There are 2 protein chains.
Amino acid sequence: MIGVYDSGFGGLTVLRRLRERLPERDFLYLGDTGRAPYGGRDSHTILDFAEQCVERLFEEGCRLVVVACNTVSCVALRHLQRRYAGAGSTRRILGVSIPAAEVAVATSAGHIGILATARTVASGTLPIEIAKLGTHRVTQRAAPFLAQIVEEGWEGTEIARLSVARYLEGLEGVDTLLLGCTHYPLLLPAFESATRARILDPAPFVAGRLAEWLARHPSFDASGSGALRVLSTGDPSVFRAHAPRFLGEDVPEVGHVAEEAGRLAHRATVQITTGQVLR
Amino acid sequence: MIGVYDSGFGGLTVLRRLRERLPERDFLYLGDTGRAPYGGRDSHTILDFAEQCVERLFEEGCRLVVVACNTVSCVALRHLQRRYAGAGSTRRILGVSIPAAEVAVATSAGHIGILATARTVASGTLPIEIAKLGTHRVTQRAAPFLAQIVEEGWEGTEIARLSVARYLEGLEGVDTLLLGCTHYPLLLPAFESATRARILDPAPFVAGRLAEWLARHPSFDASGSGALRVLSTGDPSVFRAHAPRFLGEDVPEVGHVAEEAGRLAHRATVQITTGQVLR
């Protein structure tokens, strides 16, 4: 069972490609929807949340965790790897930023554009990884509310098309546009109407890299029955309602986990707080 | 010196009305821009942040703090009042939700619409306060990215007009639309083009209520010279660049405060984290 961790729903676009590429593997998806979006949060909060989420996935029995979220991959991946999956460990944590950089360099004729969250852009991690692989010019821009548009289910609206076009101002010269946030594949029609650049969703490439890695490291996961389990820190019913847009299929029952004394614990019910909160 | 606390820039639209109404008072504004937006956060995180912010304002010498943020007022105000400004205390904390409910009831012919953050709507505090004052029907809707549109400086765009119109779907029957987030006054033209309802920014009424309160409680603040100080948890240069759109005038030098061991401490420089974060 491979763990897939994301800040919310967006990582389901990655999970979709992983399940297509590895149909016989079992997956456990953990979406931190109760605390999303991560994009505007400070780095140390992201590290705290990421620790809780990967710990939950390890406790569920995963030995391999894929961090599907670009923000977490760009900010916290090395910390997570050092803390939980150092040399000699029987656990591994893989991210999406290095595969994304690889496929961008392999695709681009010389000028790569990136749209991503504010935190991903501020981290500079994608340009750093790209610079290790070639001499491509990189222009990146924070597009903080494209993910929000998708969360609202507005990806097919004129609002989406206008917003994408606006964020692409200043990126006219790029030949390849890397979608640096897992929500953006749902905005593909809006991107296609706004730019002639090649639009690059790294998720299929991430899936290919994972398949190669599993072939080289058979001890970290075994073939299963193609099962899928889902955990969410937000309301499970909201998760199930939104998930098909991202995953391309319905999700099974969604388990609820919530922060309790610094870790994510299973919860039978969702706590809804109304009115003034006293403590 | 009156403290004004907000999650970010939005409270500057309230400060603007406070300074118009009380031009001789000194104000200290604290914008928690480094951790905004609050609207999607869980209640206990909001309580934590609110404690740190009002403690900072008290330490700066304020004895009266106005919570300008609707989300904090709807979720955390009673907690803050109990903790810092109980009976016999020489400190007071006032919010915006009760004045907003009062002016909505006084204005509406019977059906009040509310747009606000997800947390404000989920709290139910505005409908609860309105129900204490009359028998008005209330229809509220979370409009999570209107604040984001304003943060981006896109309030004058077609994106803003389309988004406002979309959030107003289902609110056709309201006669009065209460702007339940301090960012929304910047979207007034978009609101005016989308609805015939009376659009109600509660900020001028909040200012009037504060003036009355000060007249009744002269010991909590004294007249000054109309001075303004500003503190921000985010980048002070970003704050100064954005503030005039909200306040209607330039702000003086902005001090930087940041979380340190559970409190907001003054910081000389803004820490910018790039690349992977290790700890």
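Predicted model: local features only at pLDDT ≥ 70, side-chain atom pairs only at ≥ 80, totals over all residues.
Two copies of a chain are related by a rotation about an axis and a shift along it.

The contact between the chains draws 30 residues from chain A and 30 residues from chain B. On the side of chain A that touches chain B, at least two residues each are supplied by helix 2 (43–59), helix 3 (70–84), helix 5 (118–123), helix 6 (125–133), helix 7 (144–151) and helix 8 (158–167) of chain A. Helix 3 of chain A provides the largest share of this side, with six residues. By residue class, the side of chain A that touches chain B comprises twelve nonpolar, twelve polar and six charged residues.

One pair of helices spans the two chains. Two packed helices are described by the angle between their axes and the distance between the axes. The axes of helix 8 of chain A and helix 9 (residues 158–167) of chain B come within 9 Å and cross at roughly 155°. Helix 8 of chain A is therefore roughly antiparallel to helix 9 of chain B. The crossing of these two helices is left-handed. Helix 8 of chain A contributes Glu158(A), Ile159(A), Leu162(A) and Ser163(A) to the contact, and helix 9 of chain B contributes Glu158(B), Ile159(B), Leu162(B) and Ser163(B). The residues of this helix contact divide into four nonpolar, two polar and two charged.

Chain B also contains an open sheet of seven strands, in the order 4-3-1-2-9-10-11 and with mixed pairing. Strand 4 (92–94) and strand 11 (263–266) of chain B each have a single partner strand, so one side of each is left without a neighbour in the sheet. On average, neighbouring strands of this sheet are turned by 25° against each other, direction ignored. Strand 9 (residues 228–232) and strand 10 (residues 254–260) of chain B run parallel and are joined by three bridges. Opposite Ser232(B) stands His256(B) in strand 10 of chain B. Helix 12 (residues 236–247) of chain B lies across strand 2 (27–31), strand 9 and strand 10 of chain B, and runs at about 130° to strand 10 of chain B.

How values were computed. Residues numbered from 1 in each chain as written. Chains lettered and ligands numbered in written order. Contact = placed C-beta atoms within 7 Å. Helix = DSSP H or I, 4+ residues; strand = E, 2+ residues; numbered from the N terminus. Nonpolar A, V, L, I, M, F, W, Y, C, P; charged D, E, K, R; others polar. Pairing = 2+ DSSP bridges. Axes fitted to C-alpha atoms, helices over the stretch in contact; angles between N-to-C directions. Parallel < 35°, antiparallel > 145°, perpendicular 65-115°, else oblique. Left-handed = near helix turned anticlockwise from the far one by under 90°.
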